Amino acid sequence: MSETSLRRLYKRYFLEYASYVIKDRAIPDLADGLKPVQRRILWSLFQMDDGRFSKVANVIGHCMQFHPHGDRSIGDALVSLANRGFFIERQGNFGNILTGDSASASRYIECRLTDLARETLFNKRITDFEPSYDGRNSEPVLLPAKLPVLLLLGAEGIAVGMSTKILPHNFQEVLKAQIACLSGKDFELYPDFPQGGRIDVSDYTDGRGRIRNRARIEKDGSKNLIIRELPYGTTTESLVNSIELASNKGKIKISSIDDYTTDAVEINVRLSRGVGIDEGIKRLFAHTDCETVNSSNIVVIQDGAPVETTITEMIHYCTGRLIEILKLELRLEISDYTGKLHWLTLEQIFIENRLYKNIEECTSWENVRDAVLVSLKPFTDAIDLEITEEDIDKLLSLKIRRISRFDIDSHKEEMGTIRKKMKKAKSNLRNIVPFATDYLEKLLEKYGKNYPRLTSIEDFSDIDVKKVAIRNLKAGFNSDTGLFGTSIKGDKTYSVSEYDRFVFFLDDGTYRVIPVQDKYFINGNILFCGVHDKEMVFTAVYKQQKTGIAFIKRFCIGSFIMDKEYRFIPDGGEVLYFTGKPEMKLDFWFQRTKRMRRRKDECLISDYRVTSENAKGVQLCGKKIISSIKGVSLDDDEEDIVSSESADSDGEPEVPDEENAEQEAHDEAAETEPTSPEDVIKQAEHFRLQSAEALKRVEKVIHPDDDEDADDLFGNLD
């Protein structure tokens with residue numbers, strides 16, 4: 001076999017396998033809303049239906065003549081279908097969807113069809129059949145379902161290259177949506193789960209998106225919480241396990257948890273001392289299965305092919321199918337009435353006119369048939385009634401008792417009743433939309449009270465997992481070794497939770513965001529290291545290497561990829577100053593030039609707007625070169641960080657020349673920070689002594705010949 005032939009063979013077999021899995025195993029058909037195994041189970045129950053309960057084991061055995069995949073798959077599908085409660089009535093232990101308990105063995109439990117199933121799912125006369133897998137039996141291709149079964153039951157399946165997840169909906173709301181569809185009105189449908197609970201549908205639109213589902217929790221005192229309803233897809237066992245796991249990890253502090261669930265959910269959670277009851281509820285929603293998210297992905301088989309659709313399209317399709325089924329049933333009903341009226345008319349003519357006497361002299365069966373046909377012809381021609389051989393055989397099979405007890409009045413009354421029914425059926429066929437609406441309203445009135453909404457629709461307040469998380473981890477940072485982590489003891493310690501992230505900035509202009517971990521090595525000189533907060537504003541001052549011009553930028557760290565290196569200043573820049581404080585004053589000195597009158601300036605970092613971390617920033621002092629910079633906190637006037645002095649091009653620190661020494665000294669004296677009161681007193685005493693010496697020198701110049709012991713007018717200054 002050539003490679004091309006083998007490739008073609010594999011391609012054909014794979015397509016056949018994929019098609020089989022999609023259509024016959026995993027994806028339900030929109031027409032009747034059932035997967036093949038569900039359809040075969042219901043058909044077996046219909047064939048076995050005599051009004052009494054049947055052993056599930058017998059139903060499974062009967063279904064195996066249609067389903068080729070074993071009794072286990074049939075039994076599991078039957079129990080799951082029965083627990084939805086729409087089409088199969090249960091008797092015995094079918095398990096518990098609340099606790100997750102499994103059903104008893106199939107020989108111990110019984111089931112039968114519900115009245116709703118008998119009324120809406122079956123009609124042999126309009127059902128198409130195909131041979132079963134072994135060719136010995138016939139099974140329905142599709143059931144003539146008059147309801148959107150798929151929306152009522154929900155479905156979930158994984159096939160080759162596709163999957164589906166359809167959430168269950170409320171019976172009353174689905175039928176009301178169909179009525180609205182027939183009336184041309186808009187409608188909205190939201191899921192309704194058998195476990196109850198609460199849902200938030202803000203991210204759910206027409207069957208697409210996701211639904212947040214929460215348990216219903218009641219407060220009992222100041223320490224007890226009682227869980228009354230479960231989120232969809234959970235059980236009391238899985239919920240209790242999730243709470244215990246969260247408690248073991250320190251995410252929620254509880255002293256005890258007890259499950260008293262029987263027919264109704266009752267899980268008692270007692271909080272530990274020091275934990276508020278509202279805080280406990282938030283942590284249950286944040287860290288346990290008390291809140292789950294269910295996504296909807298609607299893929300169905302429609303007209304023989306898999307398609308992705310929406311709730312609205314499903315309602316329109318199923319409503320259109322309902323109309324077609326009702327039309328078929330009405331046409332069959334009219335045909336039945338026509339046939340019955342035809343027979344009653346022939347019977348009346350045959351008995352009332354005593355035509356049966358014409359066959360007394362006939363000697364053969366052929367003569368008898370001809371005699372009846374000839375005797376009927378004058379009457380049937382008058383009313384334009386066609387006679388068939390079957391009609392003649394049926395007339396000849398009338399019993400003497402029927403002929404002798406024939407009541408012409410009751411016979412005419414029966415024919416009148418049939419004419420009225422046939423007239424009504426024709427009227428319904430002409431007005432099929434009102435008839436379909438009336439049909440749905442009758443179903444609502446008859447069965448709607450059995451299916452109230454169980455899940456309430458609410459708006460949930462968002463719970464920030466980071467805020468409600470218990471910070472029970474200690475992370476340390478050792479600035480000498482550059483090690484950070486929960487196993488490190490360093491000069492800085494942080495109380496964190498597993499949801500926190502750390503950010504650190506290096507003097508080479510890069511930063512990283514890392515998760516809390518056991519040990520992490522930070523390679524480089526660190527400017528800042530702390531817990532990441534997307535609202536925190538950082539301020540960086542840097543200069544360009546080529547021009548020396550300084551820029552200032554304020555930014556936040558929003559989105560990021562974990563442990564990826566980012567730059568907060570452009571390549572080739574040198575960091576002069578960095579802080580994470582929101583309110584600071586920057587004092588900076590310019591590089592000395594000749595005839596410079598002002599060497600110092602200041603600014604508030606809050607005067608600059610916050611930009612992205614990729615922004616270039618704003619020039620801090622035009623084209624002047626900054627030699628040094630320091631930050632002063634506005635809260636306590638304490639110095640925050642002082643950058644190292646910038647050096648001249650020859651590498652030596654600046655030395656003022658004699659020409660500008662006096663001016664620079666005056667500028668520096670005028671622009672230094674205010675001195676303390678003690679320094680002011682010392683300076684005043686120094687100035688007083690200098691003034692006294694100056695006055696003595698002046699006195700000697702004015703009176704050089706005076707005796708040294710003469711009274712000194714300024715002596716008191718000493």
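Aromatic pairs number 28 in this predicted model, where rings of Phe, Tyr and Trp (its six-membered ring) pair if their centres lie within 6.5 Å. Planes under 30 degrees apart count as stacked, over 60 as edge-to-face and the rest as tilted. One of the pairs, Phe555 with Phe568, is stacked, at 6.1 Å centre to centre and 25 degrees between the planes. This pair links distant parts of the chain, 13 residues apart. Phe555 lies in strand S27 (residues 550-555). Phe568 lies in the loop between strand S28 (566-567) and strand S29 (573-579). Strands are DSSP runs (E, at least two residues), numbered from the N terminus. Residues are numbered from 1 along each chain as its sequence is written. Local features need pLDDT of at least 70, side-chain atom pairs count only at pLDDT 80 or more, totals for chains, interfaces and linings use all residues, and side-chain values use heavy atoms, with hydrogens and water left out.

The relative accessible area is 0% for Phe555 and 1% for Phe568. Ring pairs also join Phe555 and Phe568 into a cluster with Phe505, Tyr511, Phe528, Phe538, Tyr566 and Phe578.

Strand S23 (residues 510-515) pairs with S28 in the antiparallel sense over two bridges; pairing requires at least two bridges found by DSSP. The four-stranded open sheet runs S25-S22-S23-S28, with antiparallel pairing. Its edge strands, S25 (526-531) and S28, each pair on one side only.

Methods
Buried means under 20% relative accessible area, exposed over 50%, partly exposed in between (1.4 Å probe, protein chains only).
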